Structures are given as structure tokens and as C-alpha cells.
Amino acid sequence: MSEKEKILVVDEKGIRYLTTTNLTVFQILQLQKTLQTRILHRKTRIQDLAIQANRAEKELINAQNELQKLLTPQVKDYIKVELEKRQRAFEEAQQLLCEYIGEEQYQLLQSKGYLKTTQNNMVYKLDKNGNLYRKESKEYKKLCVIRPQYLPLPDFIISLLTTLREKPQTFKHHARR
Amino acid sequence: MVKIRKLSEKGHEEFDVSKEEAIEMFQAEQGRYFVVDSKTKKLVSEVNIEDDQELMMVPIIRGG
């Protein structure tokens, strides 16, 4: 059994009773075990944190180095050239779209924002952003279309119109909202 | 010679190839591209390809 003792303490922190307990042998052994386990856990945790800190530091240095590389004039020039190339490709595609669907239809697409076409007795509407709709009981419903990311929008519209003309059954399902 | 304009990830690629090479190209991309006559905008089959014809390879779009 552990014995408790009450001591009156008066100091700068205040006036209070402190209770002290004499530990039994069993409690001492238990406490030894608990402290040993706690020390082991803390040491392991410190090691883990050190490994994590080391890894994070390496990642930080790596990210700083990569960012440094991406801010060089060489990369800036590359981006400029690529953007110019993309712009040229877009203009070329726009011109081809105009030739492909004809000046009148092209102007209609620009001014109205959409084109209408009929395939297999179904009316379709294609807007200038490349969205495709089918008229179903007086209402246009948006269809699911998978757009290849590499195609400039005008090229995509050419491809979509051609696919719609040649394989209208491709577009069966409504797009999810 | 056959002139081919291919709408690809590299932009508009242009090729001047023989009839046989054109057929090989179309066969290699079968199922991925339509072959369209640049002037008539109509689909062209391999058997109908003629010399000096201008063709376009238009990607086939998939639906959901």
C-alpha cells in the first residue's frame, strides 16, 4: 500500500497543500516499465521526425533548384516560342475551319455562337466552344463528347462535324451535369 | 503525288507522298482518322485515291 502525506507549502506561487505518495515496489517496477517504454517511443519519434525533416529539406532544395532552372532566360524563350507556335496553329486551324464549313457558316458560328445540322432526322446544335447538343422533344440536350486535348478548338470543331456527319451514332449519351 | 494535311498534336502536318505511301499512312491510322477530300469535303476510301489529290486526315472524335 502507498502512504499519502500532506505538506503545507507557502511560497511565491501561493499557499497550498501538496500531497506526496510513497510508492510501493510494484508501483516502482510499473513506473520503470512505463518510463522505459515512453523513452523508447520518444526516441523513435525523434528519429522519425529527423528523417522527415531531412527528407523535407532535400525536397525543398530540389524544388528551389527546379524553380531556378524554370526561371532561366532559356526557358522563358522556349515558352515564348511555344506560345507563338500554338497561336499560329490556332490561326491556321481557324482558317481551315472557315474553308471547311464555308464563309457563310463560319460567320454564322461567330455571330450566333452556334451551328445547326441535321443527321439521321435528328437536329444537332454545335456551339463555338465545341459543345454538341441534340434536339429531343423541343429541348436541346448536351451530348457527351470526348475532346482530345491536343487539338486546337477549330480543328476539334472540324473533327466533331465530320464525325457527326459520318458516324452520328457515336454520340449516344447525354453529358453529365 | 498525293498531298495530305493531317490534323495532329503537332498542328497541321503536310505530306507530299505517293499513292502507295498515302494508303500505308491511312492504314496505319485506321480507326483514328477520317480521310477527307480537301475540295469536296467528302470521305475518301483507299481505292478511290488519285494522283494530285489533296486529302485531309481528320481525327475521329469519341462520344461518351
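1. Two residues are taken to be in contact if their C-beta atoms, placed from the backbone, lie within 7 Å. On that basis, 43% of the contacts in chain B with a separation of 6 or more come from residues 24 or more positions apart.

2. This is a predicted model, in which local features need pLDDT of at least 70 and side-chain atom pairs count only at pLDDT 80 or more, while totals for chains, interfaces and linings use all residues. Residues are numbered from 1 along each chain as its sequence is written, and chains are lettered from A and ligands numbered from 1 in the order in which they are written.

3. Chain B contains one helix and five strands (DSSP runs numbered from the N terminus, helices being H or I of at least four residues and strands E of at least two), arranged from the N terminus as β-β-α-β-β-β. Its radius of gyration, taken over C-alpha atoms, is 11 Å, close to the 11 Å that the globule rule (2.2 Å times the number of residues to the power 0.38) gives for 64 residues, so chain B is as compact as a globular protein of that length.

4. Between the chains, 15 residues of chain B are in contact with 21 residues of chain A. Strands E2 (11–17), E3 (33–37), E4 (54–59) and E5 (62–63) of chain B each give two or more residues to the side that touches chain A. Strand E7 (residues 145–146) of chain A runs antiparallel to E5(B) and is joined to it by two bridges (DSSP must find at least two for strands to pair); Val145(A) has Gly63(B) as its bridge partner.

5. Within chain A, an open sheet of four strands, paired antiparallel, has the order E3-E4-E5-E6. Strands E3 (114–119) and E6 (139–142) of chain A stand at the edges with a single partner strand each, so one side of each is left without a neighbour in the sheet. Strand E5 (residues 132–136) of chain A pairs with E6(A) over four bridges, and Arg134(A) has Lys141(A) as its bridge partner there.

6. The axes of helices H2 (residues 73–101) and H3 (residues 103–112) of chain A come within 6 Å and cross at roughly 120°, where axes are lines fitted to C-alpha atoms, for helices over the stretch in contact, and angles run from 0 to 180 degrees between N-to-C directions. H2(A) and H3(A) are therefore oblique to each other (under 35 degrees counts as roughly parallel, over 145 as roughly antiparallel, 65 to 115 as roughly perpendicular and the rest as oblique). Leu97(A), Cys98(A) and Ile101(A) in H2(A) meet Glu103(A), Gln105(A) and Tyr106(A) in H3(A).
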